[in-house]
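The following report describes the architecture of a single protein model, from its overall fold to selected side-chain arrangements. Please read it alongside the sequence and coordinates displayed below.

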Amino acid sequence: MRTRPTTIAAAALTAAVTLLLSGCGGSDGEDSGKDGIAGADTGASASASPSPSASEDDIDRPEIKLPSDVKNVFEGGETGDPVKDAVLADNERRVNSIDEAIVVDAEKHPALEFYSKDEALMSAATYIKSFYDNDRSFTGETRYYDREVTLAKDGSATVTYCMDATGTYPKDRKTDKVDRSVKASPSDYVFYNTRLEKSTQGVWQTVSVSSTEAAKRCM
């Protein structure tokens, strides 16, 4: 139940990234967390995202917070292979960083650029900006499942996964009103194919993304 933007020209993509990274609609900025959120006078307190622990790898990661009315559920986070698990963990953090940028009004969203770059950063920025352009946010639970990692010989990785957004509802950014009349549809099931590369800091950044809505394999 989330709106998705159509593909636009490269210049517009660049503008979207610039606008977002400089605070797209943001106002109260110091809280990179969720209480300055888009739709933020919800009364919902911000809470730490259930992202994988960042303390084990000694990487100085930006904090990601989602409000209590927004929840992402990730299935299959441990494969037994430490490299694949690290890839999945940073894929998870990227997803949370995108949602944080949508639902949290802040001057900056550092996690967005930390976990995405190149085409993936621009497509994420365009997606996020579409919510601001339409004065919308969202609330509810999104499920991510059938997550698989493939490691390539060139050092990159591919993560494929499904998203089920049938448990989310659009929220008016200005009034905070949630529209629960919107019914679930096949387009709420999306299949993603993403490519990640490891940065010099050791972060698995997503560099490209393709998606298929109403994906039968995800239903």
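Contact means heavy atoms within 4.5 Å. Axes are lines fitted to C-alpha atoms, for helices over the stretch in contact, and angles run from 0 to 180 degrees between N-to-C directions. Helices (H or I, at least four residues) and strands (E, at least two) are DSSP runs, numbered from the N terminus.

The model is predicted: local features need pLDDT of at least 70 and side-chain atom pairs count only at pLDDT 80 or more, while totals for chains, interfaces and linings use all residues. Residues are numbered from 1 along each chain as its sequence is written, and side-chain values use heavy atoms, with hydrogens and water left out.

## Overall architecture

The protein contains four helices and seven strands, which follow one another along the sequence in the pattern α-β-β-β-α-α-α-β-β-β-β. Of the 219 residues, 47% are buried, where buried means under 20% relative accessible area, exposed over 50%, and partly exposed in between (1.4 Å probe, protein chains only). The accessible surface comes to about 10400 Å², and carbon and sulfur atoms contribute 48% of this area. Such areas come from the Shrake-Rupley method with a 1.4 Å probe; for residues, only the protein chains shown count as cover. Among contacts between residues at least 6 apart in sequence, 72% join residues at least 24 apart.

## The sheet and its helices

Two strands pair if DSSP finds at least two bridges between them. On this basis, five strands form an open sheet in the order S3-S4-S5-S6-S7, with mixed pairing. Strand S3 (70-74) and strand S7 (204-213) are the edge strands, each pairing on one side only. From one strand to the next, the twist averages 25°.

Strand S6 (residues 189-198) pairs with S7 in the antiparallel sense over nine bridges. Within this pairing, Phe191 stands opposite Thr212, and Tyr192 has Ser211 as its bridge partner in S7. Five residues lie between the strands of the S6 and S7 hairpin, in which Gly202 takes a positive phi near 95°.

Helix H2 (residues 82-103) lies across S3, strand S4 (136-151), strand S5 (157-172), S6 and S7, and runs at about 160° to S4. Helix H4 (residues 118-133) lies across S4 and S7, with an angle of about 60° to S7.

## Aromatic and charged side chains

A pair of aromatic rings is described by the distance of the centres and the angle of the planes. Rings of Phe, Tyr and Trp (its six-membered ring) pair if their centres lie within 6.5 Å; planes under 30 degrees apart count as stacked, over 60 as edge-to-face and the rest as tilted.

| Pair | Centre to centre | Angle between planes | Arrangement |
|---|---|---|---|
| Phe114 and Tyr115 | 5.0 Å | 75° | edge-to-face |
| Tyr127 and Phe131 | 5.2 Å | 85° | edge-to-face |

Phe114 and Tyr115 are both buried, and Tyr127 and Phe131 are buried as well. Because Tyr127 and Phe131 are four residues apart in helix H4, about one helical turn separates them. Elsewhere, one aromatic cluster is formed by Phe74, Tyr144, Tyr161 and Tyr192.

A charge sits over a ring if NZ of Lys or CZ of Arg is within 6 Å of the ring centre and within 35 degrees of the ring normal. The charged end of Arg143 sits over the ring of Tyr145, 3.9 Å from its centre. The charged end of Arg217 sits over the ring of Phe191, also 3.9 Å from its centre.

## Backbone features at two aspartates

Which residue other than glycine has a positive phi near 55°? This residue is Asp118, located in helix H4. Asp118 is partly exposed, with a relative accessible area of 48%. The C-alpha atoms of Asp118 and Thr206 are separated by 8.4 Å, although the two residues are 88 apart along the chain.

Asp176, likewise not a glycine, has a positive phi of about 70°. Asp176 belongs to the loop between S5 and S6 and is buried, with a relative accessible area of 18%.
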